[in-house]
Amino acid sequence: MSEPLFRDPAAPVADRVRDLLARMTLTEKVGQVNQRMYGWDAYERTPEGHRLTDAFRTEVAAFDGMGALYGLQRADPWSGVTAATGIGSADGARVSDAVQRHVVENTRLGIPVLMVEEMPHGHQALDGTVLPVNLAVGATWNPELYGEAAALAAAQLRARGGHVALVSALDLVRDPRWGRTEECFGEDPYLAARFTEALVRGVQGPPGDRIGPDRAAVVLKHFAGQGATVGGRNSAATELGARELHEIHLEAARAGIRAGAAGVMAAYNEFDGVPCAANRDLLTGILRERWGFTGLVMADGLALDRLVRLAGDPVAAGALALRAGTDLSLWDGCFPRLAEAVRRGLVDEGTLDTAAGRVLALKFRLGLFEQPYTGARAAVAAPERLSERLARESLTLLEHDGVTLPFTQQVRTIAVIGPNADSVAGQIGDYTAPRRPGTGVSVLDGIRAAAPEGTEVTYARGSGLVGGDTTGLPEAVALARAADVAVVVLGGSSARESTTRFDSNGAAVVASAQPVEMTCGEGVDLAELSLPAGQSALLDAVAAAGVPVVLVLVQGRPHALPDLTDRTGAVLSAWYPGPWGGRAVADVLFGVAEPSGRLPVSVPRSAAQLPVYYNGKDHTYRGYVDQPATARHPFGHGLSCTTVEYGPPRLSHPSATTADLEAADPDGATADGIATDGVPAGEGTRGGGAGPVSCMVRVANTGGRPVRETVQLYVRRVLGGTSWPRVRELRGFVRVELAPGESTEVTFPVVARTLASVTRSGERAVEPGEFAIETGPSSGRTRAARLTVTAPPAR
């Protein structure tokens, strides 16, 4: 053969991988399953430009190659990379090509290195466009828009030399005290699955052997159950049973893998006493053998070092993770010693070949052997417009008196008050690079820009973000009394500061006595979800001034809210809306845009009543003696500035057999909610009918303003089955736009996946019984039709 097979782009990827592995030494194979150093240690900035460090050259030489390099372009207080020392957009491709060129030209086989970058809500790099955090994205209930934004963010990452995007998608909010709540799409597995599909398709493009040059490989974080840690504490233990794992915590992963995700990241937590990165039942039994996943599994930062406590030493710990199904390390000291593990007989070299082969296969899929360098590419349009649109659609109106919004021409003086009113840093969330001066629009600036000519906008901070200082209250109250309306902007912040301390894996370490205004983010868990004392006092004082109050919450988790009907005219959750969120908030306040967000997570009354997610088990229970057990605002809730009426749901047939339902569902009940044509099962349509059973509901805008309504379909099993049912479960949604006085009929197909649940065998199936098919504007406001499902007649 005149040309090595692994360089032949026409050969199947599997053949190229086998050919290349046969040429590799044990040391080279170990190098491919490691990403040992931090990318920001691979270069230094000099007056002449960026140069590669001796530490990087030594690392490449140690294994005669490099599997992957994490965070070459990351910038934040943990990495210590600033605008003065880091890699801007103009230099990204050039520096990444310098790294790649050194690896290719100074190793025996010239195998390219994977450039792995964080892309939690945009590329975490200097000049990278920031999107709203995942919790805000979930509030849009618009996966298509998110997929479009994710595609543009991936193109931006790839144009700067990145290849692999690490994106949080699989964690669910089961306890909002957890600091990483902002990284979740919400508390519901169906909603998270729809966004995970959109993410994978947007970042990677259509499923296939190749990932295009304007796309990136996606690694989904975290597999699995990390959102269910005890007490909402980061990296703490979980107490999940197999049923809870399958019903709740695996659905988004199944959807993402079916959409073609290149990889998943093993979570820090354990399942059934075994850490995820060493859990063979999870990584091999479920992920590969049951689901047929062929991509790579990456460990989380330093996670394998934690296995030493189980295995006895780093060599045995690395072997334990490799045997379980972990393919690629992240900074730990265990995988670098896999050659020793092979020589000691702790793991077969064939197992190492399998893991290294998965890393190599991804490099082939990305076309790195044919084109290892980024070179000069046309500039990628920054997704600023999409970031702002996501922010606008995420804004969720929790309470409204029917008159305060939108602001009318009679509003001539607006007092903007609160610690989050003039803070772009407070809007952008964790895992965000430093912003250039002047980038972004705060709520205060957004209101000033949108206010009609002649409107006076005044401002006072009023209180600190944390603590109970009330020295700023008199100024705030004076401004409120002189205004026609007060906009009070409260909440939290995930902004990392130069004074923030960090754990070895990058999680923030924020003690209760530390004067740091970081109340959310990785490592920042709260025991109490109420607004801090200073913020609460500020809201009470402004409300007592007798002026109409609009409360805007900039937050990365749902704060526990008291009854605010006597203090506010409107309550608007802005989540962390990204740099341009101030414009989005102003658009809603002035009626340029209608509030259309819906809660992706339930809002508690207090932390004492947790858990408060809507889809708990349907046991008969009473409320607490001192307060109700229900959420302040339920999952799916969101108001508009008009009135919407729902008719009763109607079924095309009152009964069906399991065979009927399965025949109408091309992929069957065991699928993850994606039909063969790419349309999510249960997704509604405006008008028309589908399947042997359809659920129809008429929705009417009976008010005087236009509305974008999210019509929701829930299923509740009321009789039958082999396990105790949940209260109700989301199984479909459709967003419709209605002009004043307009109505429409929404139709949901009811097929196998709509009604399927996890059986005693651990598989999904439709079991005979009675079902309530419910429709409505939220999980707390539904009307039901009854469907009887029977077994097919015996032949």
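The sulfur of C334 lies 16 Å from the closest cysteine sulfur, that of C276, which is too far for a bond. In this predicted model, a search of the whole structure finds 0 disulfides.

**Cysteines**

- A disulfide is a covalent bond between the sulfur atoms of two cysteines.
- With a relative accessible area of 1%, C520 is buried.

**Strand β5: burial**

- Strand β5 comprises residues 164-168 and is mostly covered, with 5 of its 5 residues buried.
- In a regular strand the side chains alternate between the two faces of the sheet.
- Both faces of β5 are covered: one side carries V164, L166 and S168, the other carries A165 and V167, and all of these residues are buried.

**Strand β5: pairing**

- Strand β4 (residues 114-118) runs parallel to β5 and is joined to β5 by 3 bridges.
- Within this pairing, V164 of β5 is the bridge partner of V116.
- Strand β6 (residues 217-223) also pairs with β5 in the parallel sense, over 5 bridges.
- The bridge partner of L166 in β6 is V219.

**Helix α7**

- Helix α7 (residues 189-204) forms a right-handed β-α-β unit together with β5 and β6.
- The 16 residues of α7 should span 22 Å at 1.5 Å a residue, and the end C-alpha atoms are 22 Å apart, so the two values agree.
- α7 is mostly covered, as 15 of its 16 residues are buried.
- At the N-terminal end, D188 caps α7 through a side-chain oxygen that lies 2.9 Å from the backbone nitrogen of Y190.
- Just after α7, G205 adopts a positive phi of about 85°.

Methods. Residues numbered from 1 in each chain as written. Predicted model: local features only at pLDDT ≥ 70, side-chain atom pairs only at ≥ 80, totals over all residues. Heavy atoms only, no water. Buried < 20%, exposed > 50% of the residue type's maximum accessible area, 1.4 Å probe, protein only. Helix = DSSP H or I, 4+ residues; strand = E, 2+ residues; numbered from the N terminus. Pairing = 2+ DSSP bridges. Right-handed = clockwise from strand over helix to strand, strands pointing away. Disulfide = S-S within 2.5 Å. Expected span 1.5 Å × (residues − 1). Polar contact = N/O pair within 3.5 Å; in protein donor to acceptor, adjacent residues only side chain to side chain.
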